[in-house]
Amino acid sequence: MLTRRHFIGAAAALFSAPIAGPSLAQTLPVGVEGRAPISDRDMWKAWDAQVTPADYDPATSNPWGIDQRFLPRVVEAKPGLLPGDVHVDAVARYLYHIRPGGTAIRYGVAIARGDLYEPGIYAIRRKARWPVWRPTRNMIARDPEIYGQFAGGVDGGPLNPLGSRALYLYEGGRDTYLRIHGSPEARSIGGRASSGCVRMVMAHIIDLYDQVETGSTAFLYPPEDALAAT
């Protein structure tokens, strides 16, 4: 059983070394008034191409200018971790997807700013390609000048805050409104920028998306300030 003490201290021991922009209001189109937001399936392929570099090599392609350590890498995983599960090391800003044979794929991420990040053990109950987005009530209440204009939702697309793919995190049957998702703000990777979610480079989560099955578990470990407090 994973106790709170084990959960807080576990992230550093799980994995080894590798084996081998503008403001939201300035960039985000407001949805059409009077209808629910949509994601145009006819555009999905074109959007995938738009956010994926030419001659894309996950290990080397870096038009976003992120730190090289945040590019995808194959790493060795601690024995006993369940293939298919996702582990987010909030201190190092890494997401690990466990593979059979004792390895994992490691990706760079951004986590939530301040106290908005919520460590925990979650079930991935839903996945979506080019998802639509609505700010939560708490987001609107906290920052009405930023999020109020988007209360009706935003269509899927390359400027949507959820980006190219999203994994939806649940506790039991309850949607937590936490997501692991692509982001049009790739330069935020490695930092603390979101309102609660875990952000990835859009091309990276396109790679990850097909490998993660619904029903898998996502472990979000505490960030550095929580560890210091403990």
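Author: We may. Of the 25 residues in the largest nonpolar core, Leu 95 and Ile 180 touch the most other members. Helix α6 (residues 202–209) gives this core its largest share, 3 residues. A second, separate core has 17 residues, among them Ile 66, Phe 70, Leu 71 and Ala 104. The model is a predicted one.

Reader: What does Leu 95 touch, not counting residues up to four places away in sequence?

Author: Leu 95 touches Val 86, His 87, Val 88, Ile 105, Arg 106, Tyr 107, Val 109, Ile 180, Met 200 and Leu 208. As general background, nonpolar side chains in soluble globular proteins tend to be buried together.

Reader: What makes α6 largely enclosed by the rest of the structure?

Author: The reason is a count: 7 of the 8 residues of α6 are buried, so the helix is largely enclosed by the rest of the structure. The buried residues are Met 202, Ala 203, His 204, Ile 205, Ile 206, Leu 208 and Tyr 209. Across the protein, buried residues make up 49% of the 230 residues.

Reader: How many aromatic pairs does the structure hold, and why is the pair of Tyr 94 and Tyr 96 called edge-to-face?

Author: The structure holds 4 aromatic pairs. The ring centres of Tyr 94 and Tyr 96 are 6.0 Å apart and the planes stand at 75°. Rings pair if their centres lie within 6.5 Å, and planes over 60 degrees apart count as edge-to-face; the pair of Tyr 94 and Tyr 96 is therefore edge-to-face. Both Tyr 94 and Tyr 96 are buried, and together with Phe 70 these two residues form one aromatic cluster.

Reader: How do you know that Arg 106 lies over the face of Tyr 94?

Author: Arg 106 is at 4.1 Å from the ring centre of Tyr 94, and the distance cut-off for a charge over a ring is within 6 Å, with a further condition of within 35 degrees of the ring normal.

Reader: Why do Asp 55 and Tyr 177 count as exposed?

Author: Exposed means over 50% relative accessible area. Asp 55 has 78% relative accessibility and therefore counts as exposed. Tyr 177 has a relative accessible area of 53%, so Tyr 177 is exposed as well.

Reader: Is Ser 183 buried or exposed, and what does its side chain reach?

Author: Ser 183, which lies in strand β9, has 4% relative accessibility. Buried means under 20%, so Ser 183 counts as buried. Its side chain reaches the backbone nitrogen of Glu 185 at 3.0 Å. Leaving aside neighbours within four places in sequence, Ser 183 is in contact with Pro 161, Gly 163, Arg 199, Met 200 and Met 202.

How values were computed. Residues numbered from 1 in each chain as written. Predicted model: local features only at pLDDT ≥ 70, side-chain atom pairs only at ≥ 80, totals over all residues. Heavy atoms only, no water. Buried < 20%, exposed > 50% of the residue type's maximum accessible area, 1.4 Å probe, protein only. Phe/Tyr/Trp six-rings, centres within 6.5 Å; stacked < 30°, edge-to-face > 60°. Core = buried A, V, L, I, M, F, W, Y, C linked by side-chain atoms within 4.5 Å. Helix = DSSP H or I, 4+ residues; strand = E, 2+ residues; numbered from the N terminus. Contact = heavy atoms within 4.5 Å. Polar contact = N/O pair within 3.5 Å; in protein donor to acceptor, adjacent residues only side chain to side chain.
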